[in-house]
Amino acid sequence: MQKAISIIPSEIATGKLHSYLLGAVGPRPIAFASTIDERGIPNLSPFSFFNVFSANPPILIFSPARRVRNNTTKHTLDNVLKIKEVVINIVNYELVQQMSLTSTEYGEKENEFIKAGLTMLDSDLVRPYRVAESPVQFECKVTKVEALGKEGGAGNLVFSEVVKMHLHETILDENGLIDQFKIDQVARMGGNWYSRANKGMFEVPKPLSGLGIGVDNIPEEIKSLKMLSGNDLGLLGNIEKIPDKKDIEEFLDANDQIRSIVKNKDSGELLKIIREYLDNNKILSAWKVLLINSKLNGNTRKN
């Protein structure tokens, strides 16, 4: 068991709590929010308290928090309370430095589009401008703003209903859907850190539409192998049934290398092959070699 510290939020300074929260909850997507005030002055600012919460109706929510240091509000919040419209622009790697620059607290008459060297693009259905360089732009009507508190650090949930969206064709795949590598998104971590999605992406297969056997039904002699991580066990539990004797015999008949390893009773080599199969998401093959290894070591599979 890892040693841990325990914290009651009300017993530490808000700034320190804020740091713990942002360091622990991440990576967080970034809402590059474009708003406009009643005089027509644009504002552009990033917020990492953001996500999508509904598809019908399509609702995005972001939260401009009250400043921790002096309990003041940001221009974005002031604007959406008066002009209930916003454009939420998605941030990719090509935009990250310019996006960061807009987080500087310029005066209310300053235009962050100009400060950051970004292009103001007219929206079709709302007044705030779009960021032309952003790969996806959501024109939104603000349906509700819900304050979560009155002190510094308190969030303000801005419910934003998407009325029109714009996607750069360069990020689409052959089916017209967003290619997760081409969009090249970035996300916020704690401190000065960001994460670049397409440099660290990995796929987690969805659970079966039927019922997987579950980790609890993996034979104990397999489950207790030190080489298997929790992620490995999750993959192994996501099959509909454990391979049977016939499956294993057919697998051995088609695999000279593994037959030779079994003949030499080399369990260490089998474990290496299991690792390779798991790392390449060949779960049924990993299962068969695991069962072969169990038999080689004198274990019998539980039914």
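Residues are numbered from 1 along each chain as its sequence is written. Because the model is predicted, local features need pLDDT of at least 70 and side-chain atom pairs count only at pLDDT 80 or more, while totals for chains, interfaces and linings use all residues, and side-chain values use heavy atoms, with hydrogens and water left out.

Let's start with charges. Side chains of opposite charge can pair when their charged atoms come close. The structure holds 15 salt bridges (a side-chain nitrogen of Lys or Arg within 4 Å of a carboxyl oxygen of Asp or Glu). Here are some of them:

| Pair | N to O distance |
|---|---|
| Asp 37 and Arg 39 | 2.9 Å |
| Glu 38 and Lys 82 | 3.8 Å |
| Asp 256 and Arg 259 | 2.5 Å |

The Glu 38 and Lys 82 pair links distant parts of the chain, 44 residues apart. Glu 85, Arg 127 and Lys 141 are linked in a salt-bridge network.

Asp 256 and Arg 259 sit three residues apart in helix H8, about one turn of the helix (helices are DSSP runs of H or I with at least four residues, numbered from the N terminus). Asp 256 is exposed at 53%, and Arg 259 is partly exposed at 36%.

Arg 259 also turns up where H8 meets H7: Phe 251, Leu 252 and Asp 253 in H7 touch Ile 258, Arg 259 and Val 262 in H8 (contact means heavy atoms within 4.5 Å).

Definitions and conventions: Helix = DSSP H or I, 4+ residues; strand = E, 2+ residues; numbered from the N terminus. Buried < 20%, exposed > 50% of the residue type's maximum accessible area, 1.4 Å probe, protein only.
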